[in-house]
Every structure is written in C-alpha cells, then in structure tokens.
Amino acid sequence: MAFVKLLTFFFLQLILVVLALDLATAQGLKLGFYQKRCPSAETIVNQTTARFISRAPSLAAPLLRMHFHDCFVRGCDGSVLLNSTKNNQAEKDAIPNQSLRGFQVIDAAKSAVEAKCPGVVSCADILALVARDAVSVIKGPFWPVPTGRRDGRTSILSDALNNLPSPFSNITQLKASFRSKGLSVKDLVVLSVIRKRKIDAIIFIGGHTIGISHCTSFTNRLYNFTGKGDTDPTLDPNYIAQLKKKCKPGDATTFVEMDPGSSKIFDTDYYSLVGKRRGLFQSDSALLADSATKTYVQQQATPNGATFSTDFAASMVKMGQIGVLTGNSGEIRKRCAFTN
C-alpha cells in the first residue's frame, strides 16, 4: 500500500513537470529546439560543463544562481552576461551580481557551439543548459530544459537592483517578488535554494543546499538587528554564538558554510536547518513566517526530502520561461558578453 501511494505521488509530480513543459511550449520554447539546425548543441554544452565542474565543483552553485539572476531581471534573455560599456553600467556590475562566478564556463560552451554551428544557439539557452548540467554533475536534481530563447540587447544595472530578491527580504516582499514573475509560493520556497546565495561558492535553500556566504550577508542579525545592538530573535541563540566566533563586526572577508557539511553537494539538509532556526539569511527565516512555506520546509526536513527533486525540476522549468524572447525578438549573440 505504501508503495502504491509513493508511486501515485511521483506520478502526480511528473504531471506537474509535464504541465510546466506544456506552458513553455506555448511560449515558443520546446525540447530539442536545435535538433535540426545544430543537433549536437546540447551534447557540446553538457561536455563542456562537465569538464569544468569535474575540476571545480564549487562552480555549480554560482552557475545556477547566475541563471536565476538572469531570469529575474528582464527575463531569461542572457542580459546578466553582458559587459558594461563606457555609456552603460550592466547588470553584471550590480552589487548582487558582483559575486557571480563561472562566466568562463558560459564563454567556453558558447565558443564550442559556435565552432560547430555559427549563429544558431543563443547565450540565454546556453546559460539555462549549463545551470542544469552543472547541478547534474554534482548529483543534484535533473530537469528538462526547453530551448528556443533569444538573447536580449539590453542590460541595465538598476534593473538588477530593483528586481532581484534581497537576502534581507521578509516573506511579504518575497511572495510579491515571485508573484510578479509568475511564480507561486511553492516555487518561492523550492527556489530559495538558489536565491539566497550571496555566495562565492556553491549555493541553494532547496537549491541552496550547496554554498558558502560572506559574513556581511548576515552579520546584522548577530550584532545590530534593529539598530540597537541586538540580535535577530528568529535566529537560534546557540547558532548566533557559533557565528559570532567566525564573524566579527565589520568582517568582509570571512566565509561561512550555509549548509554545514554539505557545501559541495546537493541535498535537502538546508530545510532541516531552517526549521531549527539556523538559516543564515533573514530571507531564510522568513520562510517560517508563512504557513504555506513553513509547511513545505517541515515536509522537506524529513529523511531524504522525498518531494524536493521533482518539485525543483518543475519550478526550474517554470523559472526558465520568465520573459523569454522567441521568434524574431532579440538576437543570437556571437559572443555572450557583447551584443552583435
């Protein structure tokens, strides 16, 4: 009986992924979009990504976060990849994006694909594929990536500041941010895995379960939460004491593991930490302030986080559709850091 219930559950979760793929198709994306014009494109991207991640697993989280930051600003159009010019400061130079790493992986994958099929595969699609393949290499969830995105021609620093969720956001702000992108409350708690990583290594809450963070992202919770020299009451006092040993006031260089013991793997231990009031960021603790997000955190804190991988796949497919350019919109860049 238990097996039948489990099988039924996973079947229902599979339906959610299929529905998400149907929505992507309606927006002009589809699986195997390049099958006729560049049939080896996805294989080339996968092999390039695997080569980098096998040598530097800590790049997986930043690449995943890069995809998230791209989609939340102007849609999934590769705008986060563009360099600033003398007349314009691009998203890449916004404070939330200054810790992004792994641009060399995107550039290498693009160069390899261009050598085979010039002017066919967009940088936006390459970023989406690299993010998926990087997580897969470190034994994280796999999700289908419909392709067909085109590259945007605009990248503005202020857009990143105005659209990316802050690690200091409360639950009301987080829900509004995700809702504005067509994402649900469930997507919010699932993708928190990625979003809270103001990290320089690997990150994720469900997706956040790999990563490290600078002390500056959370020391206000340890020393001056309300401006009166106090601590954040939503953070476990014993955890505060541990963090104070590592992060002194004004420390801008020290790193702390977001998910102790799991900083280079993809698991669901992070949910257990959040449930114990040991999430590093204010936005982590915010997940316990809403009944729906709190319930999901508690469910995933059970052994092996039974539903997370499938939930994550469905949410990633949805996120990858935000504001996509298709058809004749945008362009196919020759180099990802520059418009044509």
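Reader: In which helix is the place of His-69?

Author: The model discussed here is predicted. In this model, the residue in question falls within the run of residues 60-71. UniProt, in an unreviewed entry, places the feature "active site" at His-69. The helix that holds His-69 is H3.

Reader: Is His-69 buried or exposed?

Author: A residue counts as buried under 20% relative accessible area and as exposed over 50%. The relative accessible area of His-69 is 4%, so His-69 is buried.

Reader: Which residues does His-69 touch, not counting residues up to four places away in sequence?

Author: Contact requires heavy atoms within 4.5 Å. With residues up to four places away in sequence not counted, the residues that His-69 touches are Pro-96, Asn-97, Leu-100 and Leu-164.

Reader: Are helices H4 and H5 parallel or oblique to each other?

Author: Helix H4 covers residues 103-116 and helix H5 covers residues 123-137. Their axes are 10 Å apart and the packing angle is about 120 degrees. Angles of 65 to 115 degrees count as roughly perpendicular and those over 145 as roughly antiparallel, while angles under 35 count as roughly parallel and the rest as oblique. The relation of H4 to H5 is therefore oblique.

Reader: In what crossing does H4 pass H5?

Author: The two helices pack with their axes 10 Å apart. The crossing in which H4 passes H5 is right-handed.

Reader: Is Arg-132 buried or exposed?

Author: Arg-132 lies in helix H5. Leaving aside neighbours within four places in sequence, Arg-132 is in contact with Glu-42, Phe-142, Trp-143, Pro-144 and Val-145. Its relative accessible area is 7%, and the cut-off for burial is under 20%. Arg-132 is therefore buried.

Reader: How far apart in space are Gly-275 and Leu-288, C-alpha to C-alpha?

Author: Gly-275 is found in helix H11, residues 269-275, and is partly exposed, with a relative accessible area of 43%. Not counting residues up to four places away in sequence, Gly-275 touches Leu-288 and Val-297. Gly-275 and Leu-288 are 13 residues apart in sequence, and their C-alpha to C-alpha distance is 7.4 Å.

Notes: Residues numbered from 1 in each chain as written. Predicted model: local features only at pLDDT ≥ 70, side-chain atom pairs only at ≥ 80, totals over all residues. Heavy atoms only, no water. UniProt positions renumbered as here; feature names shortened; annotations may be inferred. Helix = DSSP H or I, 4+ residues; strand = E, 2+ residues; numbered from the N terminus. Buried < 20%, exposed > 50% of the residue type's maximum accessible area, 1.4 Å probe, protein only. Axes fitted to C-alpha atoms, helices over the stretch in contact; angles between N-to-C directions. Left-handed = near helix turned anticlockwise from the far one by under 90°.
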